[in-house]
Amino acid sequence: MEAEGWLADTRTSYDTVADSYSDFTREALAGETYLRAGLALFADLVNAVGAGPVVDVGCGPGHVAAHLHKLGVDVFGIDLSPAMIEIARREHPDLRFEVGSMTDLRLADASVIGLLAFWSLIHIPDDEIPTVLGHFRRVLRPGGPLLLGFHVGDESRLKTEGYGGHPMKVYVHRREPGRVAAWLRDAGFTVEAQMLLNPDDRVPGAILFARRPG
Ligand SMILES: C[S@@+](CC[C@H](N)C(=O)[O-])C[C@H]1O[C@@H](n2cnc3c(N)ncnc32)[C@H](O)[C@@H]1O
């Protein structure tokens, strides 16, 4: 996969931190009541659509996909970082994980009934968002739900280390939910709900539910 500079830097960065990131996140959902509620709602929405696969794009070490699997979702994961995918395969051998980029999503049209991107769109620059959301809409079956999770704010910063002090070179873009919702509408999605997480924190989170119209 040929990658532009920022994409290659993102991949190298997550390859570098993959082990420590998976240590940081392995049990993280246990303490995230509201995130778990959001994932349970997403599982309900997906299961209501019918049978078929759901993709977790930017799945990291696979803990969110594994959680969805426990909720009865037929889920597989895609991530830019080969090291993340290696860990995901090792830790969740019953699930399928593949290396790939959401900027060039190699899935067939209408091949998934649901799509989740949790804190992975945060690494995509503004000018690439329409391309990525275009892929998300294309691969989703009409009527299929989409769930996005991201950092709230309006600034972008270059993260130079993380997850135990390892070197990284990755841009992190914070976005206001209204801005993400507008991008989604422009890409042909219907926005259905949003949840603001930890609004009193310095950097709140948001999860946003949308759907490809049926
Ligand atoms: C902050 S981590 C989030 C991982 C996981 N979704 C979670 O909630 O813990 C961001 C992940 O997005 C992946 N990523 C970044 N850019 C990507 C891209 N263009 N395509 C696919 N995955 C990407 C990174 O490799 C990394 O695993």
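Because the model is predicted, local features need pLDDT of at least 70 and side-chain atom pairs count only at pLDDT 80 or more, while totals for chains, interfaces and linings use all residues. Residues are numbered from 1 along each chain as its sequence is written, and side-chain values use heavy atoms, with hydrogens and water left out.

Around the ligand stand 20 residues, the closest being Tyr21, Gly58, Asp79, Met102 and Phe118, where a residue counts as near if one of its heavy atoms lies within 4 Å. This shell divides into 10 nonpolar, 9 polar and 1 charged residues, and its largest share, 4 residues, is supplied by α1.

A polar backbone atom of glycine 58 is 2.7 Å from a nitrogen atom of the ligand, and a backbone N or O atom of methionine 102 lies 2.9 Å from a ligand nitrogen atom. In the side chain of histidine 63, an N or O atom is 3.3 Å from an oxygen atom of the ligand. Taken alone the ligand exposes 590 Å², of which the protein buries 96%, the areas coming from the Shrake-Rupley method with a 1.4 Å probe.

His63 also belongs to the lining of the second largest pocket, being listed with Arg26, Glu27, Leu29 and Lys70 as nearest its centre among 14 lining residues. By class, that lining has 4 nonpolar, 5 polar and 5 charged residues, and α3 gives the most to it, with 4 residues.

Methods. 1 Å grid on protein atoms, 1.4 Å probe; cavity = no way out; pocket = protein on both sides within 12 Å on 5 of 7 lines; lining within 4 Å. Helix = DSSP H or I, 4+ residues; strand = E, 2+ residues; numbered from the N terminus. Nonpolar A, V, L, I, M, F, W, Y, C, P; charged D, E, K, R; others polar. Polar contact = N/O pair within 3.5 Å; in protein donor to acceptor, adjacent residues only side chain to side chain.
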